[in-house]
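Here is my notebook for today.

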2 protein chains.
Amino acid sequence: MRYPSHITLVEVGPRDGLQNEATPVPTDVKLQLIQRLAAAGLTHIEAGSFVSPKRVPQMADSADIVRALQPAASPLHYPVLTPNLQGFDAALAAGAREVAVFAAASERFSQRNIQCSIADSLARFAPVLAAARQHGVAVRGYVSCVLGCPYEGDIAPQAVADVSLRLLEMGCTEISLGDTIGVGTPAGVRRLLDALLPQIPASQLAGHFHDTYGMAIANIVAAMECGLATFDSSVAGLGGCPYAQGASGNVATEDVVWLLNGLGVECGVSLEALLDASALISGFLGKPPASRVARALLAKRGSE
Amino acid sequence: MRYPSHITLVEVGPRDGLQNEATPVPTDVKLQLIQRLAAAGLTHIEAGSFVSPKRVPQMADSADIVRALQPAASPLHYPVLTPNLQGFDAALAAGAREVAVFAAASERFSQRNIQCSIADSLARFAPVLAAARQHGVAVRGYVSCVLGCPYEGDIAPQAVADVSLRLLEMGCTEISLGDTIGVGTPAGVRRLLDALLPQIPASQLAGHFHDTYGMAIANIVAAMECGLATFDSSVAGLGGCPYAQGASGNVATEDVVWLLNGLGVECGVSLEALLDASALISGFLGKPPASRVARALLAKRGSE
């Protein structure tokens with residue numbers, strides 16, 4: 001079985017992870033978390049979200065975070081979510097050099113999650129992509145519900161291809177394929193990528209798997225076997241699942257790094273240093289990490 | 001990717017799972033658990049262990065369990081662990097028709113876990129296997145540490161082959177390959193099975209994966225792709241990891257069933273009915289199931 005020789009991990013904990021955590025996390029703790037993630041070797045760290053602070057209070061300090069990180073002066077990548085032009089302008093003013101937009105492969109999920117059709121969401125992103133091009137800012141496109149939707153059930157691979165191709169035509173440099181509710185298994189991953197890869201090169205695709213049903217690691221293996229080499233993950237499995245209280249959400253970065261170490265695939269991340277980030281945020285939130293690797297290794301640290 | 005059309009699950013929760021749980025579980029709760037597991041469609045349920053009740057008090061009622069289950073009159077399989085002839089005789093007297101012995105692929109693990117060398121453990125099993133043959137009792141052989149040992153680290157695939165072949169020669173009908181500390185990844189699983197399968201047919205091998213580092217489901221997928229069609233699992237992920245407090249142990253039956261449903265591979269188990277077993281034992285032990293699938297689906301049940 002062949003795997004890519006190098007995997008790029010996009011750490012989404014400080015944004016996608018924390019935005020679903022109920023406990024408010026102060027700016028300095030977020031910055032310390034990001035600093036530890038960077039120290040562990042993560043080169044792509046999603047740093048914030050320029051959305052309404054009323055809707056997502058946890059992300060209200062994203063401009064402060066970006067200002068402190070100074071993306072233009074850093075060799076690292078600190079993308080932020082910008083759902084509309086207002087958010088993009090604020091992100092740009094704070095110094096962001098990479099942004100992301102969030103679309104869905106499911107009409108009903110789009111309606112319920114961002115209150116508009118897929119077509120309308122793409123129309124809303126058009127000025128963001130135009131402004132980004134003008135300012136030399138890279139734009140990542142998230143596509144959610146690629147392996148299933150909480151409202152529609154199964155999603156046709158071509159529906160995923162259609163919205164992904166539109167986002168790429170509009171100027172996105174990468175599509176992050178989200179199994180938003182974690183219902184996928186390796187068979188579904190292969191079916192999806194068999195449909196996508198004749199239309200979109202693997203280098204423009206990332207896998208974003210949720211571990212709600214414990215399938216994320218197996219899905220990442222299947223996606224790697226199809227040629228994908230970029231995966232999103234969240235330190236300590238931050239984020240949970242907004243669709244089932246107490247269930248797991250984002251796959252944990254620690255678990256993915258453990259997998260890659262075991263497969264002999266390089267990702268440039270030190271698991272030991274990453275545990276310092278897990279311990280920091282789990283300690284702050286006052287709960288054990290959702291990562292099995294972090295729980296096992298931190299328990300060993302504790303007993304030594 | 002081709003998978004076997006049918007997978008046999010060997011449910012180890014009532015023995016391998018419960019023996020590591022600190023809370024004493026009364027006989028009637030164990031029997032209710034086994035009854036729910038059987039009602040869910042599990043055909044192979046490890047029911048007890050004929051070891052010293054001083055060493056493993058949780059298993060002290062194994063004879064009562066087996067007597068109540070009446071394996072000779074049941075279409076189901078209720079294997080029990082019998083580490084020596086004394087245990088075998090007691091199991092036979094209670095009515096057991098299938099037993100299991102427990103060896104290791106690692107010398108140091110064998111010494112620390114069962115206080116004898118691998119060769120001495122095989123010598124100890126010889127009279128058990130002879131008596132089993134005489135009474136028409138099937139014997140399963142567990143081999144632990146097949147992908148790594150807490151004391152020796154990496155284990156050579158040929159060491160696993162050697163002890164497995166000896167157990168088969170002695171009369172075992174099936175070898176359960178145990179990743180006892182959960183350190184394996186799909187690459188290690190393939191390496192091991194590439195070494196074993198030219199020497200032992202897949203039909204005589206089972207996979208017993210621990211989820212300590214979240215790799216069990218990916219490892220099961222890899223093993224299925226190599227042709228294995230029998231896997232051990234534990235309802236609610238019962239058992240934890242005796243080598244790291246708070247870490248996960250046996251892969252959860254619910255997670256394996258979810259995987260197989262997603263792959264379109266038949267296993268004859270109803271996930272809905274299985275959740276009744278998860279809810280029973282998790283409720284009794286007063287802690288959430290270690291199974292991600294059970295946590296997500298029971299949370300949904302609770303919110304409906």
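This is a predicted model: local features need pLDDT of at least 70, side-chain atom pairs count only at pLDDT 80 or more; totals for chains, interfaces and linings use all residues.

Over how many bridges do strand β1 (residues 8–11) of chain B and β2(B) pair? I find two bridges, in the parallel sense.

Residues are numbered from 1 along each chain as its sequence is written, chains are lettered from A and ligands numbered from 1 in the order written, and side-chain values use heavy atoms, without hydrogens and water.

Next I traced the sheet of chain B: nine strands, open and parallel, in the order β2-β1-β9-β8-β7-β6-β5-β4-β3. β2 (44–45) and β3 (48–49) of chain B each have a single partner strand, so one side of each lacks a neighbour in the sheet. Strands are DSSP E runs of at least two residues and helices H or I runs of at least four, numbered from the N terminus; two strands pair if DSSP finds at least two bridges between them.

Then I turned to the rings. I get eight aromatic pairs over all chains (centres within 6.5 Å; planes under 30 degrees apart are stacked, over 60 edge-to-face, the rest tilted). Phe102(A) and Tyr142(A) make a tilted one, at 5.9 Å centre to centre and 40° between the planes. Phe102(A) lies in strand β5 and Tyr142(A) in strand β6 of chain A, so the pair ties together parts 40 residues apart in sequence.

Technical notes:
Rings of Phe, Tyr and Trp (its six-membered ring) pair if their centres lie within 6.5 Å; planes under 30 degrees apart count as stacked, over 60 as edge-to-face and the rest as tilted.
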